[in-house]
Amino acid sequence: MTHYVLLGTGVAAITAAEAIRAHDSGGELTLVGDDPFGYYSRPGLAYYLIGELGEEMLYPYRKEDFLKLKMRFYRACATRIFPAEKQVELDNGTRLPYDKLLIATGAQAVPLNIPGSDLKGVYKLDHLADARALLADAKHGRTALVIGGGITALELAEGLAARGVRVHYILRGERYWPAVLDELESGVIESLLAQEGISLYHKCEIAEILEKNGKVNGARLVDGRTLKADLLAYAIGIAPRIELAREPGLTCERGILVNEFMQTSQPDIYAAGDVAQVFDPASGKYLLDSLWNPAREQGRTAGLNMAGPATAYIKPAAFNVTRLAGLTTTIIGAVGSGQDPDLLGIARGDSETWRQVPDVIVAQGGFEVNRLRLMVGEKHILGAVIMGDQKLSRALQNLVTQKIDITSIRAQLLAPHAPIADILAQFWSITQSLNH
Ligand SMILES: Cc1cc2nc3c(=O)[nH]c(=O)nc-3n(C[C@H](O)[C@H](O)[C@H](O)COP(=O)(O)OP(=O)(O)OC[C@H]3O[C@@H](n4cnc5c(N)ncnc54)[C@H](O)[C@@H]3O)c2cc1C
């Protein structure tokens, strides 16, 4: 009987457990997780902060779903792996033997490293516990500083504003999320944020967090100005939690390196999700994704390889649906420089294509919040940003992922003032009918 041990209670570990059980109903399956709230939707934390989802809505699984997996569960932190003995040590002293081990420990916020960052009233948003603590402090009429240029920082700013907190949003750059959005898109988001009452500070950095009675009382900016505040929330990037793998010598870069079968440099140890840096045969590189769907797919692939038929992970085109300042935004494939720390998946591996400067075309609907931007290569659509109306989002995901040849419509798309949404919709419906 094979003994499988899975470290982490995120989507990658749980999906791996499902894949293992589908192929090995008799094996011994053990799950170890240190989050007191277990398995919940981390993307859902933003909706929880803003007040659109109750806490109970964050849990994708019910008790029955877990029972079906017939797992033994340890609420503990795994502290060491002994590959030679094939054992994992937990912080409660238990040593678990394994035949196949999965490390799915995710990623966590890069800490803020400025004077005062250890004060009471400084928050990040990694876990449900962070969201709860922030909400308890986010009382109507208070003032908050928010730092960070990506999606999570924006979610913090909006979540706080929705709770009646006055928000000063500090951006290091000249505009919001320049690594992914173009100037017009950043402008749309910023004007929506201003409508929500959020004050933006461009090209600003905090030099020091100021304190009063051991709590946040404001901040001093690098340019010397000071801002009063009762709390501070930050999201300045994430780092894979690789400590467990590094110590016994598993090969790591930013994440744990795995081949396309999700195996680490130790063949009986697998890694998946935000912690893994996965070999992509198409580009010959090891890539980090840091997104929910890739984590789920990698977990599934790891589980299959641990218990079932050898299955290679094929990296899909980056695809992320999110809401920026209340505006549904889908980002597909190569759309920016790939330097964004919050969303590494988006342009990674595609940056070479970006440097060839493919044509960019923009369709703008009748009102400011319907916008479609395409990155058009020689034969394919390489990426898209879809804001507002999402009718074309699935079609575009398929066009990018399946590398569908668009030569027949390329000239039409690039013609001045072309109705690109209509051209694409028609092309997609013809493509689909030919495939049936
Ligand atoms: C606020 C927020 C918003 C997000 N929004 C989006 C979004 O809109 N779209 C999107 O695609 N993605 C989003 N993400 C990213 C997405 O949540 C992650 O990509 C996904 O959760 C990764 O899953 P995972 O299983 O690899 O890791 P995780 O979900 O991080 O799970 C890892 C688990 O391992 C546990 N663990 C770590 N170390 C140990 C140890 N030593 N011992 C035991 N347990 C351990 C952790 O406590 C955690 O429970 C968001 C993330 C956050 C935090």
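**Strands, sheets and their surroundings**

Modeller: In this predicted model, Val 88 stands opposite Leu 96 in strand S6. Val 88 is a fitting place to begin, and the strands around this pair come next. Strand S5, residues 87–90, pairs with S6 in the antiparallel sense over three bridges. In general, the strands of a sheet pair through backbone hydrogen bonds, in either a parallel or an antiparallel manner. S5 and S6 belong to an open sheet of three strands, ordered S4-S5-S6, with antiparallel pairing. Strand S4 (78–82) and strand S6 (95–97) stand at the edges, and each has a single partner strand, so one side of each is left without a neighbour in the sheet. From one strand to the next, the twist averages 25°.

A further sheet may be described in the like manner. This open sheet of three strands has the order S13-S14-S15, and its pairing is antiparallel. Its edges are strand S13 (206–212) and strand S15 (226–228); each has a single partner strand, so one side of each lacks a neighbour in the sheet. Here the twist averages 30° from one strand to the next. Strand S14, residues 215–221, is joined to S15 by three bridges, and the two run antiparallel. Within this pairing, Ala 219 stands opposite Leu 227 in S15.

Strand S25 shows how a strand may be enclosed. Six of the six residues of S25 (residues 371–376) are buried, so this strand is largely enclosed by the rest of the structure. In a regular strand, the side chains alternate between the two faces of the sheet. Both faces of S25 are covered: on one side Arg 371, Arg 373 and Met 375 are buried, and on the other Leu 372, Leu 374 and Val 376 are buried as well. S25 is joined to strand S26 (residues 381–387) by six bridges, and these two strands run antiparallel. One of the pairings places Val 376 against its bridge partner Ile 381 in S26.

Beyond S26, Leu 392 lies in the loop between S26 and helix H10 (393–401). A residue counts as buried if 20 or more other C-beta atoms lie within 10 Å of its own. Leu 392 has 21 other C-beta atoms within 10 Å, and is therefore buried. Leu 392 and Ala 16 are 376 residues apart in sequence and 32 Å apart in space, C-alpha to C-alpha.

The ligand provides another view of the protein. It is surrounded by 35 residues, of which the closest are Gly 8, Gly 10, Arg 42, Gly 106 and Gly 273. Among the elements that give two or more residues to this shell are helix H1 (11–23) and strand S2 (28–33). By class, the shell has 17 nonpolar, twelve polar and six charged residues. Domain 1 (3–108 + 238–307) and domain 2 (122–234) both give residues to the shell, so the ligand lies between them.

Finally, the whole protein may be considered. Its secondary structure comes to twelve helices and 26 strands. The radius of gyration is 23 Å, close to the 22 Å that the globule rule gives for 436 residues, so the protein is as compact as a globular protein of that length. Along its principal axes, the C-alpha trace spans about 70 × 65 × 40 Å. Buried residues make up 42% of the 436 residues.

How values were computed. Residues are numbered from 1 along each chain as its sequence is written. This is a predicted model: local features need pLDDT of at least 70, side-chain atom pairs count only at pLDDT 80 or more; totals for chains, interfaces and linings use all residues. A residue is near a molecule or strand if its C-beta atom, placed from the backbone, lies within 6 Å of it. Helices (H or I, at least four residues) and strands (E, at least two) are DSSP runs, numbered from the N terminus. Ala, Val, Leu, Ile, Met, Phe, Trp, Tyr, Cys and Pro count as nonpolar, Asp, Glu, Lys and Arg as charged, and the others, Gly among them, as polar. Domain bounds come from an automatic or database domain assignment. Two strands pair if DSSP finds at least two bridges between them. Axes are lines fitted to C-alpha atoms, for helices over the stretch in contact, and angles run from 0 to 180 degrees between N-to-C directions. The radius of gyration is taken over C-alpha atoms; the globule rule is 2.2 Å times the number of residues to the power 0.38. A residue is buried if 20 or more other C-beta atoms lie within 10 Å of its own, exposed if 12 or fewer, and partly exposed in between; C-beta atoms are placed from the backbone.
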